[in-house]
Amino acid sequence: MAFLASSASVAALMPFNRLFSVGKGKRWNRLCTGYSARLRAGPSALSRFRASSFSSAAAGNAGGAPPLPEISEANKSPPPIYAWPNKKKPRVCILGGGFGGLYTALRLESLLWPEDKKPQVLLVDQSERFVFKPMLYELISGEVDAWEIAPRFSELLENTGVQFLQDKVKLLHPSDHWGMNGHKQSSCGGTVLLESGLLIEYDWLVLALGAETKLDVVPGALEFAIPFSTLEDACKVDNKLKTLERLKFGKDSLIRVAVVGCGYSGVELAATISERLQDRGIVQAINVETTICPTAPVGNREAALKVLSSRKVQLLLGYFVRCIRRVCDMEASGDATVKREGKDIAESNSEKYVLELQPAEKGLESQILEADLVLWTVGSKALLPELEPSDKPHELPLNARGQAETDEMLRVKGHPRIFALGDSSSLRDSTGRLLPATAQVAFQQADFAGWNLWAAINNRPLLPFRFQNLGEMMTLGRNDAAISPSFIDGLTLEGPIGHAARKLAYLIRLPTDKHRLKVGLSWFAKSAIDSVASVQSTLTKVLSGS
């Protein structure tokens, strides 16, 4: 699902654009290898880190080399500790650099702070790039380049005081679980242990780690289906399509693509790929419900159905996938004696995949589908880190989807120094409905999270989060989209107008002024080239006809 902003809403959220330049000075990678007396990581994290380090080293010598000498406890060094530039200023650690994490960091940078209260902000993400996920489909259609929707964090943050660290979160050890109204004080809010072994001590923590597609619910999905939620996923799908297009070029056999799930992501994928393949392929979209995009506005759903029908996308509604298996061309055509295992899905040239479909509705019969490519868009699980074993009595309260339950101020319940937003957060609106895990929600939560961190650090009242639904958008191809703004009932912008409005709304939402300008100029140049090419094509047809 995507989002739309009216002019008034854009003006209200423009503080993201007012970033103060504080120079490039202090670097993140100043580490201290000594032990901090204020460290709250607990003995279990340190002992496990030491034990795993030395056991790994011993395992590496298992091939006949003599074992490493045993090291006494006194000589074992603790893991390195991240050295904050200033020991007196508040320390804010943000885990995850998606819409929630990055935009919270930029919001903190845009606010006015007393000199002694401006926090040091550290952003941690396992990728080196921020990904504008609602536009991943444009990579498949060729409308955008990767740098436009996936700029490096180093470029986005170069003129800010926010430090960036590329690493993966391993363990979390909060020390703020004394309750909202307790009297106990602590010198820090807790620590985070990263996969690299680095320990980060923080005063305030923001959980914005996003989610990943849940593939382990159906046999074969984890091995053979490709999700579509990251830049790597989009590149993998694009490369697989290029391989299939090359192999099938000039042949009678069609490229068969199966898309599991007909929510926003599944429908946008089906529409984009069907337009790309045209008469060279068949797209089959499978959904357990009897309609596509069941939560979407009626206008968006009808526009999507019209486009999918015109591109001959086969909708298999009321079915769920029982299993997925991989076969060779020979097996797919009847010879069940040959099967290849262990090859990467993106590199295999002649393999096909068989999907067994089970009816979810009465009156339907089981079906068997063959596909050259299987895309999975159903289900997700939050990527929250594990807690130290010693913290189990104070675990983060999670819902069934693995999201942290928060109060109205976006603080994790029972942990006043931890904020959670986006896919990491479980929050309900005024009607009691769980807010959807969309870019629009995460974007708005980042604005509130930044303000509430400012308020908490300056001992001011925090604001309860109120979600404002600005509307919903979906791409349906290179020059097609559907938009249903919330501020005009019954209005749906379709076709080229909807496409242009969607790209403009996303251009406004890009993270920084500098990147917004670069992308805007790039899109304008591409549009001009396409217009010239269209005029030349029209003139050629007219002249040839005369």
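Residues count from 1 along each chain as its sequence is written, and side-chain values rest on heavy atoms, with hydrogens and water left out. Because the model is predicted, local features need pLDDT of at least 70 and side-chain atom pairs count only at pLDDT 80 or more, while totals for chains, interfaces and linings use all residues.

**View 1. Helices H8 and H9 cross at roughly 30 degrees.** Here we look at H8 (residues 231-247) and H9 (residues 264-277), whose axes come within 12 Å. Helices (H or I, at least four residues) and strands (E, at least two) are DSSP runs, numbered from the N terminus. Axes are lines fitted to C-alpha atoms, for helices over the stretch in contact, and angles run from 0 to 180 degrees between N-to-C directions. The two helices are therefore roughly parallel to each other (angles under 35 degrees count as such). On the H8 side, Asp-238, Leu-241, Lys-242 and Glu-245 meet Ile-273, Arg-276 and Leu-277 of H9, where contact means heavy atoms within 4.5 Å.

**View 2. Strand E12 sits beside strand E13, paired in the parallel sense.** Five of the six residues of E12 (residues 255-260) are buried, so this strand is largely enclosed by the rest of the structure. Buried means under 20% relative accessible area (1.4 Å probe, protein chains only). Six bridges link E12 to E13 (residues 281-287), and two strands pair if DSSP finds at least two bridges between them. Look for Val-259, whose bridge partner in E13 is Ala-285.

**View 3. An open sheet of three strands runs in the order E15-E16-E17.** The pairing is antiparallel. At the edges stand E15 (319-327) and E17 (367-371), each with a single partner strand, so one side of each has no neighbour in the sheet. From one strand to the next, the twist averages 25 degrees. E15 pairs with E16 (residues 352-359) over eight bridges; Arg-326, for instance, has Tyr-353 in E16 as its bridge partner.

View 4. Six bridges join E24 to E25 (residues 480-485), with Met-474 facing its bridge partner Ala-482 in E25.

Note on methods. Angles under 35 degrees count as roughly parallel, over 145 as roughly antiparallel, 65 to 115 as roughly perpendicular and the rest as oblique. Buried means under 20% relative accessible area, exposed over 50%, partly exposed in between (1.4 Å probe, protein chains only).
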